[in-house]
Amino acid sequence: MNGLVVLIPVALGLGLAGLAAFFWSVRSGQFEDLDGAAMRVLLDDDDDKESE
Amino acid sequence: MKHETPVAAAGTAMQTKTSVFAVPGMRCAGCISKLEKGLSGVEGIAAARVNFGAKRVTLTHDPAFDEPALKAVIGKIGFDAEPLPNDLVEIGDGESRMLLRAMAVAGFAAMNIMLLSVSVWSGAEGPTRDMFHWLSALIAIPTIAYSGRPFFRSAFGALRRGRTNMDVPISIGVLLATGLSLFETAISGPHAYFDGAVMLLFFLLTGRWLDSVMRDRARGGVTQLLRQTARGAYVIGEDGRHRWCEARSLAPGMRMHVAAGERLAADGIIEDGTSAFDLSLLTGESAPQARGAGDAVLAGTLNLGAPVVVRASAVGADTAIADIARLMESAGQTRSRYVRVADRAARWYAPAVHTLAALSFAGWMLAGAGWHHSLVIAVAVLIITCPCALGLAVPAAQIVASGALMRRGVLVKDGSALERLSEVTTAAFDKTGTLTLGRPVLVNPEVVRETDAPVLLALASASRHPLADAVRRHFEGTGLVPAVLTDVTETPGEGVTGRYRGHDVRLVRPSASSDTGMASRFAMGAGTNVLLRFEDALRPDARSTIHELATLGIDSSILSGDRTEAVADTAAAIGIGAVAALTPAGKLGLIRAMAAEGDKVLMVGDGLNDGPALAAGHVSMAPGSASDVGQNAADAVFMGDSLAPVAAAIRAARRTMAVVRQNFALAIGYNVIAVPLAVTGHVTPLIAALAMSGSSVIVIANALRLRNAAE
């Protein structure tokens with residue numbers, strides 16, 4: 001019984017953290033352009049290095 | 001993190017404006033960096049962000065830049081761009097996001113409550129069980145208040161109008177289950193249904209969200225194709241200076257300068273200049289028409305030849321285009337009365353469920369079970385019969401099918417379009433731009449000698465005239481490299497001339513008046529002088545598609561605004577009947593007559609003149625090359641030159657409805673087993689939870705079989 005006092009808030013807290021992270025990612029537009037994100041990985045920023 | 005744009009950081013107190021452009025030409029990672037780096041380097045543009053999925057670029061820029069200027073900047077980087085009006089960009093995002101948030105909250109709550117419920121089912125007793133029930137209530141009640149809103153709102157709206165829909169049994173079931181569970185918890189009872197209520201919401205929200213995503217996705221696809229025909233015009237001021245003026249602020253009496261290749265933004269009379277106009281958007285005529293000073297020209301027509309000055313006579317709501325728009329609005333009303341399959345099911349399902357629950361309650365009361373026990377059973381009946389699988393049955397099948405169709409090049413705007421597409425019995429096709437490509441194709445390339453071809457290609461590349469485009473498309477397709485010419489000049493209305501190795505070379509309008517305008521003369525020095533002929537060719541697969549429709553039991557015919565002779569040729573080539581020289585109202589009348597005879601008409605058309613007919617058809621499709629009016633009015637848009645997607649879409653729609661019917665059968669079959677258990681009082685929260693998830697998974701698995709529906 002005593003363990004539950006700790007474990008249940010921990011479980012709920014983790015769940016809430018996940019929910020909050022999801023809300024944040026939706027709001028910051030991370031799901032706006034899924035195809036583009038896959039493409040952007042391939043961009044090499046060599047141009048920037050040369051200019052530095 | 002501070003949101004400071006580079007412009008603001010530089011210290012100049014400059015206001016910025018945001019514009020969105022559709023850039024259909026981006027295809028790879030290189031395009032993203034080319035656009036973003038190229039654009040952010042331009043002075044006056046603070047930021048550029050590409051959305052690859054939507055094929056859009058969002059620019060934050062100095063308000064001094066107007067749309068044509070920004071378009072030119074993007075053009076310089078090497079991409080064609082079209083401005084998108086802001087209201088088109090914003091639509092739809094809101095609803096999906098709200099549903100997604102509600103779904104996420106319901107999903108989170110369902111998982112945590114299930115965790116607590118599993119402990120109760122595995123034998124928690126006494127104070128532990130009570131505590132778990134109270135915790136569940138603590139999670140469930142705010143969740144239901146938040147995530148249940150879409151259902152409560154819709155149910156309330158239906159009840160207020162004295163009707164019932166799917167959302168009424170859902171709302172009553174969820175609210176009763178919550179209330180009863182709260183009471184059970186308060187009196188330390190053994191069963192609480194919080195898990196069932198929240199899980200029900202989660203599954204139903206998933207269905208709603210899928211439905212909404214499908215609509216957004218297709219709408220996004222159509223928006224990116226939207227070509228704003230005439231966003232404005234260059235107006236000649238008192239001082240003779242040209243100034244860009246948006247279409248909505250044009251006024252009658254203004255003098256507009258319309259360059260070759262531009263569309264008119266208002267109806268008017270030509271004051272100065274002579275040119276050929278492409279009226280196909282308004283009338284369906286494929287051959288360009290000559291218009292000179294004193295002639296009337298209409299908004300939406302394309303100036304092909306020389307620049308002209310037009311005095312605006314009617315703008316905005318007074319133009320001929322706006323008349324057609326009003327005709328469309330009235331024609332579209334029959335379609336809004338269409339009742340979707342899920343709502344048709346709800347018409348008998350909802351009363352049946354309520355009666356069943358009420359009868360169980362009454363039955364157990366009569367049997368002397370006490371009001372508490374009877375209520376528990378009635379709620380169990382409501383939860384078990386809640387159309388969880390039904391709520392998923394339709395959207396799951398439709399989103400899988402629309403995904404398959406999208407890969408095939410057909411954008412279906414919403415689920416109701418798929419339902420209507422499956423019921424089609426007759427098809428009516430427009431001619432110009434629908435059965436035909438709507439652009440000239442070179443028919444006699446063999447008259448050009450192989451050695452002359454590079455010169456011809458170079459001349460054609462120097463002009464944007466549709467006939468020159470046709471020559472360029474033909475020879476570029478063969479991998480030819482253009483020759484290098486000097487002194488290339490284009491005389492609007494005449495043609496292109498230049499010099500090649502000491503010879504004069506020309507690609508000009510033929511002098512003979514016998515030609516209808518679909519010909520061009522290519523001359524090189526004294527040796528070569530040939531007449532190139534063009535025609536508006538049939539789309540590939542036009543004949544086989546009509547044949548395939550016939551095997552599906554669908555009769556086809558042509559409704560065209562073009563001249564009778566031109567239509568007769570096409571009709572004979574395909575082998576179907578045709579009605580020619582129709583006005584937009586005439587097409588609308590014929591579609592209505594067919595509908596009155598009980599036919600479910602599929603209208604396929606592209607032009608503005610098809611708009612009312614597209615809106616009046618039981619369902620309608622437009623090619624990707626269609627006018628924006630055509631694409632907006634149509635329920636589905638197909639890409640590419642081939643007509644084959646029309647038949648593929650009908651086949652896919654019929655398969656989708658077959659799967660939807662199977663899903664209904666599965667959902668009802670599950671009810672046949674589960675309802676007697678519920679009525680006899682054997683359904684515990686555990687059984688309700690298992691039955692609910694089980695039936696939903698089966699329905700989704702069945703829908704996934706449609707993955708290849710459009711092959």
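Begin by selecting B:L411, whose bridge partner in β26(B) is B:V637. The model is a predicted one, in which local features need pLDDT of at least 70 and side-chain atom pairs count only at pLDDT 80 or more, while totals for chains, interfaces and linings use all residues. Residues are numbered from 1 along each chain as its sequence is written, and chains are lettered from A in the order in which they are written.

Next, select β14(B) together with strand β26 (residues 636–638) of chain B, which pair in the antiparallel sense over 3 bridges; strands here are DSSP runs of E with at least two residues, and helices are runs of H or I with at least four, and two strands pair if DSSP finds at least two bridges between them.

Now move to helix α19 (residues 466–477) of chain B, which has 12 residues. Among the buried residues of α19(B) are B:L467, B:V471 and B:F475, where buried means that 20 or more other C-beta atoms, placed from the backbone, lie within 10 Å of the residue's own. After α19(B) comes B:G479, whose phi is positive, near 80°.

Finally, show both chains: the contact takes 17 residues from chain A and 18 residues from chain B, with residues in contact if their C-beta atoms, placed from the backbone, lie within 7 Å. On the side of chain A that touches chain B, α1(A) gives the most, with 8 residues.

How values were computed
Two residues are in contact if their C-beta atoms, placed from the backbone, lie within 7 Å. The expected span of a helix is 1.5 Å times one less than its number of residues. A residue is buried if 20 or more other C-beta atoms lie within 10 Å of its own, exposed if 12 or fewer, and partly exposed in between; C-beta atoms are placed from the backbone.
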